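Reader: Before we look at any detail, I would like to learn how to read the features of a model such as this one. Could you take me through them in turn?

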Amino acid sequence: MDNSTGIVAILDILGYKSFLENNDAGEAVAEVLDVLNNAKSNTRNMAFAPLAKTEDSKKEMERIFENIQWLVFADTILLARAYPQETNKENKLECWGSVCYAARFLYSHLFAWDLPVRGAVAFGRFLIKEHCFAGYAIAEARKCLETLDLAALALAASAEEEFLNFGTSEPEVWSKNKYVLPLKDGNVRESIVLLPSCSVQSLF
């Protein structure tokens, strides 16, 4: 399988290890595992399906959703979508919109189950084959989320740069979604954050 260029989102559940240590393999653990195992189908049924009002739009939503690659392992969910070979502004927007929409839904959905999430979205080359993965975009997303000292879903530098490169929206629109985030090393950095209350469409 060839390397792909596209978008990667990684979401980590905070406190997962502590949760497992303080709960035996009973009902609470079973419910959390059920949420993780059904993350993909829940996102399809609860986030994407309601957008389809006709049979044609239903097929279109299914096509868009199925183009997202999913990996769920332990306390981590990885989403990725490769750019098509022939890219233009329209299909780039579809790629970004679908991944950001799915990631933001997961972020808010897991919070509703008392599972706080820290995540990051990056852009670049990546390789996913079955349950193995590698590439700059994955490494950057992981590095970005591990520096954050709060539960948030932030865009890494590569993601922000790619947005601006193909002119998704005006700079003043972006500024409304930028926040100063605390980092684990005691510093802060300004980043675009995908909040549950933020309309993904407002970014494009």
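Predicted model: local features only at pLDDT ≥ 70, side-chain atom pairs only at ≥ 80, totals over all residues.

Reader: How many helices and strands does the protein chain have, and what share of its residues is buried?

Author: Helices (H or I, at least four residues) and strands (E, at least two) are DSSP runs, numbered from the N terminus. The protein chain has eight helices and eight strands. Buried means under 20% relative accessible area, exposed over 50%, and partly exposed in between, with a 1.4 Å probe and protein chains only; of the 204 residues in the protein chain, 45% are buried.

Reader: What part of the contacts with a separation of 6 or more links residues 24 or more positions apart?

Author: A contact means heavy atoms within 4.5 Å. In the protein chain, 70% of the contacts with a separation of 6 or more are between residues 24 or more positions apart.

Reader: Which strands pair with β3?

Author: Two strands pair if DSSP finds at least two bridges between them. Strand β1 (residues 4-13) runs antiparallel to β3 and is joined to it by seven bridges, with Gly6 having Ala82 as its bridge partner. Strand β2 (residues 69-73) is also antiparallel to β3, over five bridges, and Trp70 stands opposite Leu79. In the hairpin of β2 and β3, two residues lie between the strands, and Ala74 takes a positive phi near 55 degrees. Six of the seven residues of β3 (residues 76-82) are buried, so this strand is largely enclosed by the rest of the structure.

Reader: Where does Ser4 lie, and is Ser4 buried or exposed?

Author: Ser4 is in strand β1 and counts as buried, because its relative accessibility is 14%. Not counting residues up to four places away in sequence, Ser4 touches Ala82, Gly124, Arg125 and Phe126.

Reader: What is the angle between α3 and α5?

Author: Axes are lines fitted to C-alpha atoms, for helices over the stretch in contact, and angles run from 0 to 180 degrees between N-to-C directions. Helix α3 packs against helix α5 (residues 89-112) at about 105 degrees, with the axes 10 Å apart. Angles under 35 degrees count as roughly parallel, over 145 as roughly antiparallel, 65 to 115 as roughly perpendicular and the rest as oblique, and α3 and α5 are therefore roughly perpendicular to each other.

Reader: Which residues of α3 and α5 meet?

Author: From α3, Ala39, Asn42, Thr43, Met46, Ala47 and Phe48 meet Ser98, Tyr101, Ala102, Phe105, Leu106 and His109 of α5. Among the residues of this contact, eight are nonpolar, four polar and none charged (Ala, Val, Leu, Ile, Met, Phe, Trp, Tyr, Cys and Pro count as nonpolar, Asp, Glu, Lys and Arg as charged, and the others, Gly among them, as polar). Ala47, within α3 (residues 39-48), counts as buried because its relative accessibility is 3%.

Reader: How many disulfides does a search of the whole structure find?

Author: A disulfide is a pair of cysteine sulfur atoms within 2.5 Å, and the search of the whole structure finds zero. Cys100 counts as buried at 0% relative accessibility, and Cys144 is buried with a relative accessible area of 7%.

Note on methods
Residues numbered from 1 in each chain as written. Heavy atoms only, no water.
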